[in-house]
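Dear colleague,

I am passing on the structure below for you to look over. My notes on what was found in it follow.

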Amino acid sequence: MRKTAVIIAIITLVMLFFGLFINNNVYATDKIIDEETESQLIQIKENSAKSLEDYKEKYGSDAYGLTAYILNLVRIYSIPLCFLLIAISAIHQYVIGIRKLDTQERGLALMVTSITILIICQVLPLAFAIIVKFGRG
């Protein structure tokens with residue numbers, strides 16, 4: 001009981017210290033984001049809007065352009081996510097699965113699923129572009 005009370009007191013003091021430190025720094029600067037970071041954020045926003053407008057112009061429609069833009073983002077962000085899932089599934093299959101057969105099967109199923117999702121996310125924008133460009137006439 002005594003150890004628990006000491007641990008709780010230490011955690012409370014640490015949280016109080018960091019809370020006061022953060023509050024003092026926020027009020028001292030009066031701005032959370034400095035001007036350089038703000039200009040970089042605005043530039044990223046403008047590039048994103050320009051890219052979306054390029055897609056709308058390329059496909060000739062707002063709906064097709066927005067869909068192509070979203071599919072491109074899915075294509076880009078699916079790569080690291082799927083590789084992370086493949087690494088996790090490999091750990092389940094080859095490291096943890098040595099002792100537990102059900103974990104090994106779960107790792108294999110996760111690996112097959114993540115590779116399938118990766119392939120679909122990479123091929124879907126290409127299929128959409130082909131259908132829209134050549135299917136509309």
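Across the whole structure, a search finds zero disulfides, a disulfide being a pair of cysteine sulfur atoms within 2.5 Å. C82 is in none, and the nearest cysteine sulfur to its own, that of C121, is 5.7 Å away, which is too far for a bond. C82 counts as buried because its relative accessibility is 2%, where buried means under 20% relative accessible area, exposed over 50% and partly exposed in between, with a 1.4 Å probe and protein chains only. C121, at 15% relative accessibility, also counts as buried.

Please keep in mind that this is a predicted model, in which local features need pLDDT of at least 70 and side-chain atom pairs count only at pLDDT 80 or more, while totals for chains, interfaces and linings use all residues. Residues are numbered from 1 along each chain as its sequence is written, and side-chain values use heavy atoms, with hydrogens and water left out.

Helices here are DSSP runs of H or I with at least four residues, numbered from the N terminus. Helix α2 (residues 35-59) has 25 residues and reaches 36 Å from its first C-alpha to its last, close to the 36 Å expected at 1.5 Å times one less than its number of residues. After α2 comes G60, whose phi is positive, near 80°.

Best regards

Technical notes
Helix = DSSP H or I, 4+ residues; strand = E, 2+ residues; numbered from the N terminus.
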